[in-house]
Amino acid sequence: MERLVQKLQRIDGKSYTAYKDIAGDYFFPDFRLYIDHVQGDPFASPSRIRVRVAADRAGFPEELWNTRARQIGLEDYLARRIAGEIRKTTKGFRGTGKSGMIFIDSGGQEILQRTAVAVNREFVEARISVGLPAFGRKIAGKHALTMFTGELPKAVQNSLYYQKLPRDILHEYVFIKEDQEYIRKELLARKLVAFVANGSVLPRESGVSDLPLKGNVVPFQSPPELETEFILPNRGSVRGMGIPEGVTLIVGGGYHGKSTLLKALERGVYDHIPGDGRELTVTGETAVKIRAEDGRRVEKVDITPFINNLPHGRDTRTFSTEDASGSTSQAANIIEALEAGAGVLLLDEDTSATNFMIRDARMQELVAKDKEPITPFVDKVRQIYTELGVSTILVMGGSGDYFDVADLVIMMDEYRPADITERAREIAAAKPTERNPEGGRKFGTIKQRIPLQQSFQPQRGNKIRVDAKGLSTIVFGNTTIALAFQEQLVDASQTRAIADMILYMSKYRVDNRRTLNEIVDSVYQEIMEKGLEVLSPYFGKHPGDYAMPRKQEVLGAINRLRTLKIK
Ligand code: ADP
Ligand code: MG
């Protein structure tokens, strides 16, 4: 530590590049500090440092990290704790550009595997970014000294030592993830696709906030017919609504909470933090939200189950377009989701193409089938279940044509769900739709596509340029990937991981023989063995800020790469 102090004193007032001298590692009284990367100027991306505390000093009992779920829960909590302590102890920005900033990547409402904190048998390590302070291009050595010898140690002391932490809260974080994973696993065994615990708070504070709504909330209460119980390893008994496999319809008047329920189910593929309100709302891990996404690119997707006989005889067996329509984009989204192993499809009328969802008897009479390329979802949703074993949960307040194909109909009435399946069946029997089913009796098989190496061009000029810009954009060489309609992508650090994962695959896996699925699976296998760090070019040092994405979103990003070429 003395060495670092002397260096900072020596370079005080010098030109910014003299900061390069401080790279290296230093022993502090309570931890070891690694300065892995020193930024080139005050505006450049911040410098990367790591703080490592020996395990015996940190003192975390083994039962807090001896399972995968607990370890992720503990690491997630520690990142949040450090972030909170940094807010308390640092003065923040001072000087030019990012001067004075101290930052650790911590999560939102989800508990995700991330690289910000690592806990293992030997040490606890936090991966932190700092803006080395300067005025103009002159090193502000005294401020740097305060950051490294005052603020940082204080934040660390209050975060990385078990003795200093609020035990109840810490334990809740660690064990809540285990309970959620338990439910997710149990769903399969019980042939359920989702579970919403009684008392859950589903609505959010606003359309731009992921925090729970406060005040006038109707807590979730299962209809008696659907109520089921789980005995959780930590929390014990919980009761709530189980949605069985099959085709489930969510109906009800406008503004009665249909989309809110579906959104909670979309997010239920992730585990949530204590107090979120959805911490016991759990969906099968491969559930995929499907929506219309006009304008997207599509590369050789077989959309024939839904679309045939396009004008000018356009091929729909290997359908490609630079600019999909609402219905063709939704069809491609479904086929791609099935290719990526989706076990459940989640659809909302609010974000669907009407002509993809319904075609009623009158329209069938007016526009003959040979003039309509689209086979609506209502004629395919059952086949997707019976042939492929993939369930659907669909919000549909606007058309009763779906009564005929639903196994379960849930009505939202003033935010309270009711099982009205019987009533819907009676109505369906009394008032037939008089539609003719379209599109044949078979859905057909899903092809596994093989990407070509030429798809991936990460260079811009002669430099590799792969980067995430916030949550929903990836820059990949000269093109960008738009992910705004991948609604189950929740954290910008997932987007960063996806960007580097695509780069990693294109370097080491894409060989014009392996399928998209095989490629992505093999990278996940590697991550399982070596950690998310494996994606980083700085493996063994500060790996950058990654959070674990789902396979479905990774494949979703590749499918949206505008240069993708399929064999
Ligand atoms: P729908 O899709 O049925 O038209 P939404 O799900 O969009 O309705 O919900 C309408 C409004 O009601 C939203 O502002 C939402 O935040 C609010 N809301 C949803 N569920 C609840 C609830 N359980 N308690 C209180 N407000 C809710
Ligand atoms: Mg709605």
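Modeller: A residue counts as buried when its relative accessible area is under 20%, as exposed when that value is over 50%, and as partly exposed in between, with a 1.4 Å probe and protein chains only. The model is a predicted one, in which local features need pLDDT of at least 70 and side-chain atom pairs count only at pLDDT 80 or more, while totals for chains, interfaces and linings use all residues. Residues are numbered from 1 along each chain as its sequence is written, chains are lettered from A and ligands numbered from 1 in the order in which they are written, and side-chain values use heavy atoms, with hydrogens and water left out.

Colleague: What is phi in E414, and where does E414 lie?

Modeller: Phi of E414 is near 50 degrees, a positive value in a residue other than glycine, and E414 lies in the loop between strand 23 (408–413) and strand 24 (416–419). At 48% relative accessibility, E414 counts as partly exposed.

Colleague: Turning to the ligand, which residues come nearest to ligand 1?

Modeller: A residue belongs to the surroundings if one of its heavy atoms lies within 4 Å. Of the 14 residues around ligand 1, those that come nearest are V218, Y255, K258, S259 and T260. By class, the shell has six nonpolar, seven polar and one charged residues, where Ala, Val, Leu, Ile, Met, Phe, Trp, Tyr, Cys and Pro count as nonpolar, Asp, Glu, Lys and Arg as charged, and the others, Gly among them, as polar.

Colleague: Which N or O atoms of the protein lie beside oxygen atoms of ligand 1?

Modeller: A polar contact is a pair of N or O atoms within 3.5 Å; within protein, one must be able to donate a hydrogen and the other to accept it, and residues adjacent in sequence count only if both atoms are side-chain atoms. For ligand 1, a backbone N or O atom of Y255 lies 2.7 Å from a ligand oxygen atom, a side-chain N or O atom of T260 is 2.6 Å from a ligand oxygen atom, and a side-chain N or O atom of Y415 is 3.0 Å from a ligand oxygen atom. The protein covers 79% of the 570 Å² of accessible area that ligand 1 has on its own, an area that comes from the Shrake-Rupley method with a 1.4 Å probe.

Colleague: What does the side chain of Q39 reach within the protein?

Modeller: The Q39 side chain reaches the backbone oxygen of D41 at 3.2 Å, and it makes a polar contact of 2.8 Å with the side chain of S47. Q39 is found in the loop between strand 2 (32–37) and strand 3 (47–54), and Q39 is buried, with a relative accessible area of 1%.

Colleague: How many residues does helix 4 have, and where does it bend?

Modeller: The expected span of a helix is 1.5 Å times one less than its number of residues. Helix 4 (residues 141–157) has 17 residues and reaches 23 Å from its first C-alpha to its last, close to the expected 24 Å. Helix 4 bends by about 35 degrees at M147, the bend being the angle between axes fitted to the seven residues ending there and the seven starting there. M147 is among the buried residues of helix 4, which include G141, F148 and P153.

Terms used
Helix = DSSP H or I, 4+ residues; strand = E, 2+ residues; numbered from the N terminus.
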